[in-house]
Amino acid sequence: MLAELRGLNEECGVFGIWGNPNPAHLSYYGLHALQHRGQEGAGIVVSDGQHLRAVKGEGLVNDVFNEDKLKAVDGKAAIAHVRYTTAGGGGIENVQPLLFHSSTGSLSIAHNGNLVNATHLKQYLERQGSIFHSSSDTEVLGHLIKKSSLSPFRAKVKNALSLLKGAYSFLIMTKDEMLVARDPHGLRPLSLGKLGDGWVVASETCAFDLIGAEFVRSVEPGELLIINDEGVKSDRFVEMDKRAMCAMEYVYLARPDSDIDGINVHMARKRMGKQLARECAHIEADVVTGVPDSSISAAIGFAEESGIPYELGLIKNRYVGRTFIQPTQELRERGVKMKLSPVVQVVKGKRVVMVDDSIVRGTTSRRIVKMLKDAGAAEVHVVISSPPMTDPCYYGIDTSTHEELIASSHNVDAIRETIGADSLTFLSVEGMVETIARPYEDENRGLCLACFTGKYPTEIFPDTILPHEKELLR
């Protein structure tokens with residue numbers, strides 16, 4: 001669905017490349033492929049073997065970079081980032097990669113995810129004399145690394161990472177090497193690729209496809225990769241905990257042409273659509289349509305399984321700016337109509353199955369149902385290719401309170417009445433888990449289902465720093 005309308009957004013995307021003569025330009029293309037993961041800001045930090053140099057700004061990738069800026073920072077390696085504002089806030093100081101300079105050398109960090117113990121670590125570090133220059137939770141890692149008295153550098157990094165709780169994929173670069181880390185649960189995706197004699201890392205494999213890199217493997221939960229001129233070496237900063245990849249990566253967040261842990265996102269969504277059709281076989285309708293873009297795959301699967309023909313009943317206008325800043329309800333309504341248009345001849349007089357990937361607040365679903373009915377649809381049956389989102393996410397998706405989630409306080413029939421649909425069906429948790437079909441045998445097949453079940457794989461707000469952690473902070 002349209003992320004700007006609905007308010008369901010993922011925090012960031014990261015990209016890194018080592019051992020290539022055009023790292024800044026390739027990072028630019030990599031960020032283009034990851035633009036869907038963040039539209040608030042973008043940045044690239046490049047190493048030429050002696051210095052780290054940055055170019056970054058607020059806005060879309062195309063707005064931030066141009067040829068002159070990229071030429072000015074080229075070298076042999078780079079890390080890059082697209083940001084969606086969740087933890088921290090807006091402002092150029094929060095645009096990543098963050099770059100730190102000191103008498104012992106420079107350091108740059110890019111982060112996808114959210115640290116649930118960042119506040120307590122930050123307060124502790126401030127009491128020890130640290131001064132923070134951003135409100136981003138990512139900066140905590142830089143201070144932890146710098147504070148460590150261990151040697152060599154990778155030991156400092158391992159020590160610092162072991163103190164973090166939450167979801168994270170980190171790229172950490174010095175002039176000599178790039179370190180790549182993924183949290184012990186693997187909550188966010190991260191993959192390793194090969195491009196000629198160089199190495200590439202990205203949040204999603206679609207970035208590899210764009211630059212012609214070859215996928216090698218997923219970075220394992222709790223793994224630390226050290227990439228330098230000698231190649232890639234694998235280490236661990238902590239043992240892998242129970243796998244808990246965010247289910248919303250498959251449902252909504254990732255691009256359909258990406259593979260996550262060997263599973264193609266489009267095919268997973270299509271299977272979810274098929275299962276959804278099996279779970280609501282009672283619906284009688286004339287046409288199936290999906291809400292662009294992330295619901296199209298599920299809508300195709302639903303149509304194939306149900307035998308109801310699929311049609312483009314809703315068209316997305318790709319050249320319209322955001323609508324959520326409009327000051328009045330009337331202008332917001334017009335903004336939705338600018339972004340989505342019904343195809344009247346497809347829906348007029350028809351019983352329409354409207355497939356969407358999720359319902360957060362319900363406001364946009366209500367507007368789209370009304371739009372279809374205003375276009376002449378006889379009935380609108382809303383089917384959702386994920387379960388009701390009843391609980392907040394604290395791992396990088398901006399639904400951090402129960403008040404933001406209509407399913408937290410309304411049952412399915414109440415939600416149906418609120419959005420004005422003739423019927424409303426959500427995919428079951430069991431159906432979603434089985435149709436994503438991750439290759440793991442534990443109860444949830446290695447998925448984090450917290451936003452659907454309220455069962456979180458980590459502590460959410462650790463209220464103190466434990467004694468053994470204080471020892472690591474010394």
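Trainee: How does Cys206 count, buried or exposed?
Mentor: This is a predicted model, where local features need pLDDT of at least 70, side-chain atom pairs count only at pLDDT 80 or more, and totals for chains, interfaces and linings use all residues. Residues are numbered from 1 along each chain as its sequence is written, and side-chain values use heavy atoms, without hydrogens or water. Buried means under 20% relative accessible area, exposed over 50%, partly exposed in between (1.4 Å probe, protein chains only). Cys206 has 1% relative accessibility, so the residue counts as buried.

Trainee: What does the UniProt annotation say about Cys12?
Mentor: The entry is unreviewed. UniProt positions follow the numbering used here, feature names are shortened, and annotations may be inferred rather than shown by experiment. With that caveat, the record's label covering Cys12 is "active site".

Trainee: Where does Cys12 sit?
Mentor: Strands are DSSP runs of E, at least two residues, numbered from the N terminus. At 0% relative accessibility, Cys12 counts as buried. Its place is in strand β1, residues 12–18.

Trainee: Which residues does Cys12 touch?
Mentor: Contact means heavy atoms within 4.5 Å. Residues up to four places away in sequence are not counted. That leaves Arg37, His81, Val82, Arg83, Tyr84, His111 and Asn112.

Definitions and conventions: Helix = DSSP H or I, 4+ residues; strand = E, 2+ residues; numbered from the N terminus.
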